Amino acid sequence: MKDLLRIMIFLSIVLIGLFYLDPSINENDVLEAPRTTDPLPSEEITDESLDIARPATGISSYIGKASERWIEQFGEPGRIEPSAFGYDWWVYNDSYAHFTMVGVKDDKIVQVYTAGTAADATPYKIGQSLDELYRFTILENEVTVKYGDNSYTFNVTAEDMDKRILVKFEGVYAQLYIDSIDRALEAVRFMDAETLVRHQPYDMMFSGELLPIQTPSSTMQQSIDDANAKQIVDLVNVYRLHHQTKPLIADPLANMVAETNSEDMAKQNFSSEELEFKDLHARLEEGNIDFEQAAVNTAARYFDAAETVHGWTNSDVHRKTLLSNQYNQTGVGVFGKYYTQIFLETKPVIAQKQ
């Protein structure tokens with residue numbers, strides 16, 4: 001009798017273990033953005049950066065110009081979405097090979113981001129090797145930006161040199177997003193001085209005044225969250241195509257599950273109470289989502305979709321999930337600076353013969 005009881009207890013433990021360690025479910029840890037220190041005041045900042053002429057051609061040449069000039073060349077965007085920094089994103093996603101997002105503020109181009117292999121990112125080319133970038137790019141550990149009567153110096157670390165290089169041109173700044181595993185250029189972000197200072201992607205010293213932080217209303221924040229979610233879907237598919245992996249199809253039900261997960265992440269981080277946090281299996285069951293396999297990537301504290309996807313791409317475990325060819329659908333939800341992307345393998349629906 002005792003032996004039978006031991007066997008039953010052992011089998012129960014095994015079944016519980018199989019339930020909670022379901023091999024068809026993969027939950028990666030939350031990826032946090034690199035921490036930057038609070039901006040440090042400096043009595044005087046000396047600009048020792050080298051003067052490099054800005055590109056005369058390519059998408060960066062539109063920085064500072066009227067948005068009408070851009071439309072004349074590239075047409076109307078597929079989507080117009082708000083950001084948390086005062087500009088609107090114009091999203092061009094009809095062709096992932098030309099995928100581009102344009103930041104527009106007061107009818108002027110303040111930023112252009114591209115991950116499209118066919119986009120003209122002169123003097124760069126999406127996909128070119130990091131070694132080539134090192135040979136033809138002047139790399140500086142400190143980059144000084146002047147905006148109005150203020151000066152800001154960004155400290156670019158050795159790790160940044162392998163993942164997010166900052167280059168200063170005359171009146172234009174470029175962030176080069178590097179795939180540190182393949183050692184290749186994955187995307188480029190060109191921007192004006194104000195945009196770079198507002199993003200503050202690196203440790204920063206300043207002389208003068210800091211720009212005031214813009215806090216969106218709750219309604220606007222919801223729109224920004226929705227925009228970031230859509231942009232993550234686009235960017236992940238662009239990066240998957242870079243690595244010869246089929247794009248994912250967005251699932252509305254999975255989007256809702258992902259959004260709830262991100263909101264719960266935020267509540268858990270800011271609440272003094274211990275809150276129950278459901279695992280992916282439970283959330284998918286509650287959402288009535290059928291799947292063969294599932295995984296989730298989460299992130300926190302990144303300032304926008306492009307930074308988030310770049311972070312996942314340079315994290316081994318998140319990258320493996322993001323680029324896996326075993327998934328065919330996805331759901332993305334964003335809540336402030338908390339991001340969730342669910343990956344699903346679902347069976348194809350076979351039409352019944354009449």
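Strands S2 and S12 (residues 203-207) run parallel and are joined by two bridges. Strands count as paired here if DSSP finds at least two bridges between them, and the strands themselves are DSSP runs (E, at least two residues), just as helices are (H or I, at least four), numbered from the N terminus. Keep in mind that this is a predicted model: local features need pLDDT of at least 70, side-chain atom pairs count only at pLDDT 80 or more, and totals for chains, interfaces and linings use all residues. Residues are numbered from 1 along each chain as its sequence is written, and side-chain values use heavy atoms, leaving out hydrogens and water.

- Leu-40 sits opposite Met-205 of S12.
- Four strands make up an open sheet with mixed pairing, in the order S2-S12-S8-S7.
- At its edges are S2 (40-41) and S7 (142-147), each pairing on one side only.
- As background, strands of a sheet pair through backbone hydrogen bonds, either parallel or antiparallel.

**The hairpin**
- S3 (residues 79-82) and S4 (residues 88-92) are antiparallel, with four bridges joining them.
- Arg-79 has Val-91 in S4 as its bridge partner.
- Five residues lie between S3 and S4 in this hairpin, and Gly-86 in the turn has a positive phi of about 90°.

**Glu-72**
- You'll find Glu-72 in helix H2 (residues 67-74).
- Glu-72 is exposed, with a relative accessible area of 64%; buried means under 20%, exposed over 50%, and partly exposed in between (1.4 Å probe, protein chains only).
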